[in-house]
Amino acid sequence: MTEEAIRTADPLRTGDLIELDGLEKVFDVRRRTGPLRREKTRVRAVDGISFTVSRGEMVGYIGPNGAGKSTTVKMLTGILTPSGGRLRVAGIDPSRERTRLARRIGVVFGQRTTLWWDLPLIDSYRLMHRMYRIPDARYRQNLERCVELLDLGALLDVPVRQLSLGQRMRGDIAAALLHDPEVLYLDEPTIGLDVVSKAKVREFLRDLNAERATTVLLTTHDLTDIEHLCNRVMVIDHGRLVYDGTLAGLHEIAPGERILVVDLEHRLPPIEVAGARPVRVEGPRQWLAFPASASAAPIVAAIADGYPLVDLSVREPDIESVIARMYAERPTAP
Ligand SMILES: Nc1ncnc2c1ncn2[C@@H]1O[C@H](COP(=O)(O)OP(=O)(O)OP(=O)(O)O)[C@@H](O)[C@H]1O
Ligand SMILES: [Mg+2]
């Protein structure tokens, strides 16, 4: 059967593209506990996760450090073999048929490049053209599109090791898309990027999803990525899925606080105003927390009234604090 025939025959063509059922990954880790002693411990990195993702969905996959996000993504690509449970991506068992799956998925690990370090960017793309046996016209079309939208024109002849982090990341995203994958896994694709680059990457991903219905699973610590891109968010903690729903719903469970950063003319004792509590003082700068649902205006007015105010900004709670709060308020699981 040709590749095209296989695709058309796929019963999952319009249904669930990613299916996990009780997925587990256990690592056996040896730890030194003394000069001659080693102890074997088991880490349940992924501890029975079940979910499905439909074609065209853009899903955020978030959780604190060590929650098991990257381990899940590695199993979804076939790099790691699950210790238990069932897993299908586009009807394929990833660890059994990793090469066949590779032609249908794209992966970007923000922490690590898939590009050839010493070669100019364009050479990596040429190698992928051959490796994935991408039809010439398709390759040219996709490359052109990525070069334009990700602003890669001036970088194609630059060796990858000379690219800045943001340039390299854009290069990696293009590399993951040259073969028209149906699913794209992004593991922290905006880590370390400046505001402008982040916005560019987000816009690109949104267009990709809208125009080609590419299914996206996005792992990130930046809640703004999720706000811009994902209707659905899944939260994992200690290898377990603890939330699957909308981002707004997550905020309701975890009604966070916002932070007011206040610059005064000089150092003063902690500011006392109604509706906010001081959380930190550093020289003339102070941090005050107030409920995310409250308006900042009356607090700002009270500070401006009673203190020598120079500057002021409001910070949204970051993903870590939203999640930390969510656990603090959640009864501990049995
Ligand atoms: N190859 C490995 N060998 C042993 N333990 C591992 C291995 N890979 C991951 N782990 C452990 O599994 C757990 C989950 O790690 P994972 O990298 O999936 O977390 P994560 O959610 O991606 O975290 P982060 O936000 O820091 O990227 C951690 O406790 C980690 O130490
Ligand atoms: Mg990770």
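Mentor: Before reading how two helices pack, recall that each axis is a line fitted to C-alpha atoms over the stretch in contact, and that the angle runs from 0 to 180 degrees between N-to-C directions. The model here is predicted.

Trainee: At what angle do helix α4 and helix α5 pack, and how far apart are their axes?

Mentor: Helix α4, residues 121-131, packs on helix α5, residues 136-149, at an angle of about 150 degrees, and their axes lie 11 Å apart. Angles over 145 degrees count as roughly antiparallel, and α4 and α5 are therefore roughly antiparallel to each other. In passing α5, α4 makes a right-handed crossing.

Trainee: Which residues of α4 and α5 meet?

Mentor: From α4 come I122, Y125, R126 and H129, and these meet D136, Y139 and L143 of α5. Sorted by class, this contact of α4 with α5 holds four nonpolar residues, one polar residue and two charged residues.

Trainee: Are α6 and α7 roughly parallel or roughly antiparallel to each other?

Mentor: Begin again with the angle, which for helix α6 (residues 165-177) and helix α7 (residues 195-212) is about 15 degrees, with the axes 11 Å apart. Angles under 35 degrees count as roughly parallel, and α6 and α7 are therefore roughly parallel to each other. Their crossing is right-handed. On the α6 side, R170, I173 and L177 meet K200, V201, F204 and L208 of α7, and the residues of this contact divide into five nonpolar, no polar and two charged.

Trainee: Which residues of α5 and α7 meet?

Mentor: N142, R145, C146 and L149 of α5 meet K200, F204, D207, L208, E211 and R212 of α7. The residues in the contact of α5 with α7 divide into four nonpolar, one polar and five charged. Among the α7 residues named here, K200, F204 and L208 meet α5, and K200, F204 and L208 also meet α6.

Trainee: Turning to the ligand, which residues come nearest to ligand 1?

Mentor: With a ligand, look at the residues around it and then at individual atom pairs. There are 14 residues around ligand 1, and of these G66, K69, S70, T71 and H221 come nearest. For G66, a backbone N or O atom lies 2.8 Å from an oxygen atom of the ligand. For K69, an N or O atom in the side chain is 2.8 Å from an oxygen atom of ligand 1, and for T71 a side-chain N or O atom is 2.6 Å from an oxygen atom of ligand 1.

Technical notes. Residues are numbered from 1 along each chain as its sequence is written. Chains are lettered from A and ligands numbered from 1 in the order in which they are written. This is a predicted model: local features need pLDDT of at least 70, side-chain atom pairs count only at pLDDT 80 or more; totals for chains, interfaces and linings use all residues. Side-chain values use heavy atoms; hydrogens and water are left out. Helices (H or I, at least four residues) and strands (E, at least two) are DSSP runs, numbered from the N terminus. Angles under 35 degrees count as roughly parallel, over 145 as roughly antiparallel, 65 to 115 as roughly perpendicular and the rest as oblique. A crossing is left-handed if the near helix is turned anticlockwise from the far one by less than a right angle, and right-handed if clockwise. Contact means heavy atoms within 4.5 Å. Ala, Val, Leu, Ile, Met, Phe, Trp, Tyr, Cys and Pro count as nonpolar, Asp, Glu, Lys and Arg as charged, and the others, Gly among them, as polar. A residue is near a molecule or strand if one of its heavy atoms lies within 4 Å of it. A polar contact is a pair of N or O atoms within 3.5 Å; within protein, one must be able to donate a hydrogen and the other to accept it, and residues adjacent in sequence count only if both atoms are side-chain atoms.
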